[in-house]
Amino acid sequence: QNQQAGVAAAAGDAHRLFADLQEKFEAGDLDGVADGFKAALDDPVHAPNAPRLFSIYLGFLLQTGRIEEAKAAYLGALRTDPERAEPCSGYIYGYLLETGDRDGALDWARTLLTQDIPETYLVSATEWLATGLLSAGDRAGAFAAATNGLARFPAASFAPVAERFARAALAGKDLTTAEDFLAAIEGREGYAPASACLHLRLLGARGRFGEAAEALPGLRGKAPDADLLRALRDVFSAARAAGDDAGLDAVAAAGALDPAFRGASGIRLASAREWLGVPLRGEGGAALYAQRLDRLLSLDFPPSQLLGLWTRYFYDVLGDLDALRSVAASGREIKKRLSDDSDRETMRVYELDADFLLGEYDACAAILDEGIPDHDAAWHEMMKTKVLAHKAEAAGDWAAAAEGFSRFVDLIPDEDQQDPTSSIVYSRSTLVGNNQRRIAGLWEKAGKPDKASAALVAARKAYRKALESNTAGKETADYIEAQMKALDEE
């Protein structure tokens, strides 16, 4: 109860203080506001809120143009009460940059570096000065500031700054500064991680992707895997930006396949994604992708990662049935290794698509009997009806197929379906037209011309309705018109 009373009293004191300061501010008495803040900061009553109160005071001084007062107040707090100053360590530097006073910001960083203040603030000031000079185009000054930090501060404090400085140089396309800085940190105790990551990034920035691929395995263990992964992603980005698929392929292969990266799941997974994707964008195509996927199954990737890799590009290979057949076989192998029921359920959706395109209708029926997540009984009935109709057609039982597709038409829901490989949207009317056209052909084969004619009439009617109600755009309209034209030619 005493503690609660103390909190309530402090809140009341703060409320009265800010009400008084607000009144003075609205009256234009800025000196009175400043004096009120200073008095409150010296008053033990406000000690529990001193850090927050000081940050508000500093903000007030900056926003009212009292820059020198803000600097003096901040330096005083750093010397006497660093805990009070800590929450607003970047206020003054940030304000000067935001107001376009870059020279003032750099001078402030230089001022901080002359003060007898805690090391953490000196390290921050060094970073501000080095990166600020770098963005100002003063390469020599930036390099001097950064190397002074190397000499002045222990690696535990400055190594993160060194890496950020190097990345800033690379981001600004200042490869010379980055290379010189790499030379300055190489071999220096405590800087092996920063050195390894900068070395890799520089190879990527220089477009030397073959060398990056050769160097990558040897960098494992010199930097934490998470840091090396970030550098590797920068190399991937550089290769993509350069349009160098061969270079990207080489680096990705090193990360995915080299034994050095056993246990480095993040690096291997990111590399495997790139390695699988390269042939789908260029030479090799789906066939090479399928071979590479099979290769990954022979390595010790966790099953959940293999599932992610398998699904990532699944719909990119649907047009190549030979590749799809291989990918489906890989999927069956992955499924055997999965222990999580939700992962196995995820696979059934893809398996259904693959088996359907491959004409494995009994397998499709079995998958539907097992159940597809997030679909109701009506959907399962519709899909199984469609599968069995396709099975009858494949067996040459034309009448049974026509009757099956007719039942399927009755079950199609009144909702749009997006083609996964294009921007075409299939409305119910479009799907009815497609299926009635198919039914007409089946009845013709079954020797039932009257039923075939009736199906053609139904198809034309459905396509006209689909075209009139289309809101999905030109590609969908072009598709419907092409079906109508083909129907007229039959």
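E274 is buried, with a relative accessible area of 16% (buried means under 20%, exposed over 50% and partly exposed in between, using a 1.4 Å probe and protein chains only). This is a predicted model, where local features need pLDDT of at least 70, side-chain atom pairs count only at pLDDT 80 or more, and totals for chains, interfaces and linings use all residues. Residues are numbered from 1 along each chain as its sequence is written, and side-chain values use heavy atoms, with hydrogens and water left out.

**Around E274**
- You will find E274 in helix α16, residues 265-281 (helices are DSSP runs of H or I with at least four residues, numbered from the N terminus).
- Leaving aside residues up to four places away in sequence, E274 touches F236, R240, L248 and A252 (contact means heavy atoms within 4.5 Å).

**Nonpolar cores**
- The largest nonpolar core has 66 residues, and F54, Y74, W108, L112, F181 and L198 have the most contacts inside it (a core is a set of buried Ala, Val, Leu, Ile, Met, Phe, Trp, Tyr and Cys residues joined through side-chain atoms within 4.5 Å).
- A second, separate core of 59 residues includes L248, L276, V317 and I334.
- Among the residues that F181 touches, not counting those up to four places away in sequence, are F143, L150, F165 and L198.

**Helices α3 and α6**
- S55, L58, L62 and Q63 in α3 meet Y91, I92 and Y95 in α6.
- By class, this contact of α3 with α6 has five nonpolar, two polar and no charged residues (Ala, Val, Leu, Ile, Met, Phe, Trp, Tyr, Cys and Pro count as nonpolar, Asp, Glu, Lys and Arg as charged, and the others, Gly among them, as polar).

Definitions and conventions
Helix = DSSP H or I, 4+ residues; strand = E, 2+ residues; numbered from the N terminus.
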